[in-house]
Amino acid sequence: MVRFTCKDEDSAAAFDTLVGETIEAIRQHEPGTIVYASHQVDGQPLQRIFYELYRDRDAFDAHEQTEHTRRFLAAREQLLASVEVDWLRLQSGKGTTS
């Protein structure tokens, strides 16, 4: 899970465009990416939260090496004030294999 805080409203709009392009490429080219969702945060117009779920570590590593992900990582820097990453470990859930 990743929380992004954009610099300002213009940066947030540009970030959303970049995210849309990236997610379309993920849909088309990453069968090992199970969920890749971008969320707006109610009451926090400059924040976005990504929830990402990969088949396994190899799928995540493959995702990180794609051209569209590398483009996203490079382009986002000028738009963001901060990035917070949380690595999650499943304890239990519905719709999960554990």
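In this report, a residue is called buried when its relative accessible area is under 20%, exposed when it is over 50%, and partly exposed in between, using a 1.4 Å probe and protein chains only. Arg27 is exposed by that rule, with a relative accessible area of 62%.

This is a predicted model, in which local features need pLDDT of at least 70, side-chain atom pairs count only at pLDDT 80 or more, and totals for chains, interfaces and linings use all residues. Residues are numbered from 1 along each chain as its sequence is written, and side-chain values use heavy atoms, leaving out hydrogens and water.

**The overall fold**

Let's start with the chain as a whole. The protein chain contains 3 helices and 4 strands, where helices (H or I, at least four residues) and strands (E, at least two) are DSSP runs numbered from the N terminus. Their order along the sequence is β-α-β-β-α-α-β. The radius of gyration, taken over C-alpha atoms, is compared with a globule rule of 2.2 Å times the number of residues to the power 0.38. For 98 residues, a compact globule would have a value near 13 Å, and the 14 Å of the protein chain agrees. Its C-alpha trace spans about 40 × 30 × 20 Å along the principal axes. Buried residues make up 34% of the 98 residues.

**Salt bridges**

Now for the charged side chains. A salt bridge here is a side-chain nitrogen of Lys or Arg within 4 Å of a carboxyl oxygen of Asp or Glu. The structure holds 6 of them, including these:

| Pair | N to O distance |
|---|---|
| Asp16 and Arg48 | 2.8 Å |
| Arg27 and Glu24 | 3.1 Å |
| Arg57 and Asp61 | 3.2 Å |

The salt bridge of Asp16 and Arg48 links distant parts of the chain, with Asp16 in helix α1 (residues 9–29) and Arg48 in strand β3 (residues 44–54), 32 residues apart. Asp16 is partly exposed at 28% relative accessible area, whereas Arg48 is buried at 4%.

Arg27 and Glu24 sit 3 residues apart in helix α1, so about one helical turn separates them. Glu24 is partly exposed, at 34% relative accessibility.

In helix α2 (residues 57–65), Arg57 and Asp61 are 4 residues apart and therefore also separated by about one helical turn. Asp61 is partly exposed, with a relative accessible area of 33%.
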